[in-house]
Amino acid sequence: MKWLLVAVLTALSTIFSAVTHSHLLRGSPVNSLCADLIHPANYSCTEHTIETKDGYILALQRVASHGPRLEYGPPVLLQHGLFMAGDAWFLNSPKESLGFILADHGFDVWVGNVRGTRYSYGHVTLSESDKEFWDWSWQDLAMYDLAAMIQYLYSVSNSKIFLVGHSQGTIMSFAALTQPHVAEMVEAAALLCPISYLDHVTAPLVERMVFMHLDQMVVALGLHQINFRSDMLVKLVDSLCEGHMDCTDFLTSITGTNCCFNASKIEYYLDYEPHPSSVKNIRHLFQMIRKGTFAQYDYGYFKNLRTYGMSKPPEFKLNLIPGSLPMWMGYGGTDGLADVTDVEHTLAELPSRPELLYLENYGHIDFVLGGSANEDVYKHMIQFFRARRMSTSW
């Protein structure tokens, strides 16, 4: 059993690990996101907290560009992907990071951080050491976390919001937008590396882990949290990288080839990423890959009957997203997670035709950390948002 545990954790520890353990040990942020990244860049930033209906305490940051008078434009919510948090939108320079760029263009920028991330570690009754704290998947992130964030922004701004998601943030967005009470608070959505189906994933390490059913093994071993900064995972990454495997290939193995990601900054990025997630979340994603469905978590026949009243988990119906909701999507030809075939499957089920930006040489990480993303991606997104507000003065 011991060798099985080592094999399972070693494979899982490779996710988003691009270098040896010494870089993981550089330490995680100890301050707020505002103090760590926003204020040092000379932008206005305020911290906010909200409580979800199931008791998790989430952090939101509100960011604006400094000027003669601090004025907020149209509200936009940035929703990060798996093993990331709101810091992902600010890790490059102000001229390259979407969070700063949107603030410079006059948007009222709000930054979401889902449960389990280091900025949102909290629950009204549970501790992160409790297994119940980690009893969630992206379905809960959509139905509770994202819904609560959107409701809060809508209440504070008294305005419909623009929604931006990347990777897991798009899975959450698609699921949440099938709920009419959520969709009615969103003016438009921009989705980077959009995912609702995952049955054509080509990232080789992900394919291998799914084939080996590593998610089910981890559950059987009683693990609930995936935290790459834990002593156990750091030691396993260390042993794996020393003479056994080229660790610089891990990112490509997980995401596909990235054309414009600055690998020389990986040590800096690893000061902030990766953030923790739950084992249940990974298992839900692997279920999507195996089954080719965009559905709620599959507990198995009998628990499905108790939970859902049916033997199989209900699917999220993309045709329930209002056809009147404007959508924009950016996706890449070398993305090993948001595969072009799966994106086309998503598009075929939506009731409307989103505006599309396809970049043949772009991979999964390029859309968030690519050095040329401002010119290649973000300017098109901003034009899309501005077109929705042509009647305003901004």
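Helix α6 (residues 168-177) is mostly covered, with 10 of its 10 residues buried, where buried means under 20% relative accessible area, exposed over 50%, and partly exposed in between (1.4 Å probe, protein chains only). The buried residues of α6 include Gln168, Thr170 and Ser173 as well as Ile171, Met172, Phe174 and Leu177. Helices (H or I, at least four residues) and strands (E, at least two) are DSSP runs, numbered from the N terminus.

The model is a predicted one, in which local features need pLDDT of at least 70 and side-chain atom pairs count only at pLDDT 80 or more, while totals for chains, interfaces and linings use all residues. Residues are numbered from 1 along each chain as its sequence is written, and side-chain values use heavy atoms, with hydrogens and water left out.

Turning to the overall architecture, the protein has 17 helices and 10 strands. Of its 394 residues, 58% are buried. Contact here means heavy atoms within 4.5 Å; among contacts between residues at least 6 apart in sequence, 78% join residues at least 24 apart. In soluble globular proteins, nonpolar side chains tend to be buried together. The largest nonpolar core in this model has 121 residues, and those with the most contacts inside it are Leu77, Phe294, Val377 and Phe385. Such a core is a set of buried Ala, Val, Leu, Ile, Met, Phe, Trp, Tyr and Cys residues joined through side-chain atoms within 4.5 Å. Helix α5 (residues 138-157) gives the largest share of this core, 9 residues.

Two packed helices are described by the angle between their axes and the distance between the axes. Helix α8 (residues 204-211) packs against helix α13 (residues 279-291) at an angle of about 90°, and the axes are 10 Å apart. Axes are lines fitted to C-alpha atoms, for helices over the stretch in contact, and angles run from 0 to 180 degrees between N-to-C directions. The angle makes α8 roughly perpendicular to α13, a label that covers 65 to 115 degrees, with angles under 35 degrees counting as roughly parallel, over 145 as roughly antiparallel and the rest as oblique. On the α8 side the residues are Val206, Met209 and Val210, which meet Phe286, Ile289 and Arg290 of α13. By class, this contact has 5 nonpolar, no polar and 1 charged residues, with Ala, Val, Leu, Ile, Met, Phe, Trp, Tyr, Cys and Pro taken as nonpolar, Asp, Glu, Lys and Arg as charged, and the others, Gly among them, as polar.

A search of the whole structure finds 2 disulfides, a disulfide being a pair of cysteine sulfur atoms within 2.5 Å. In one, cysteine 34 is joined to cysteine 45 with an S to S distance of 1.9 Å; the link is left-handed, with -65° about the S-S bond. This pair links distant parts of the chain, 11 residues apart, with cysteine 34 in helix α3 (residues 33-38) and cysteine 45 in strand β1 (residues 43-51). Cysteine 34 is buried at a relative accessible area of 2%, and cysteine 45 is buried at 8%. Another disulfide joins cysteine 259 to cysteine 260, S to S 2.4 Å. The torsion about the S-S bond of cysteine 259 and cysteine 260 is about -80°, so this disulfide is left-handed. Cysteine 259 is partly exposed, at 33% relative accessibility.

Serine 137 sits in the loop between β4 (108-113) and α5 and is buried, at 0% relative accessibility. Leaving aside neighbours within four places in sequence, serine 137 is in contact with Lys280, Asn281, His284 and Tyr297. Serine 129, also in the loop between β4 and α5, is exposed, with a relative accessible area of 64%. Asparagine 374, in helix α17 (residues 373-388), is partly exposed at 26% relative accessibility. Asparagine 374 and lysine 95 are 279 residues apart in sequence, with 7.5 Å from C-alpha to C-alpha.

Most residues other than glycine have a negative phi, and most peptide bonds are trans. Asparagine 158, in the loop between α5 and β5 (161-166), has a positive phi of about 55° although it is not a glycine, and asparagine 158 is exposed at 70% relative accessibility. Cysteine 193 likewise has a positive phi of about 55°, but cysteine 193 is buried, at 0% relative accessibility. The peptide bond from glutamate 273 to proline 274 is cis, with omega near -5°, and proline 274 lies in the loop between α12 (266-269) and β8 (277-278).
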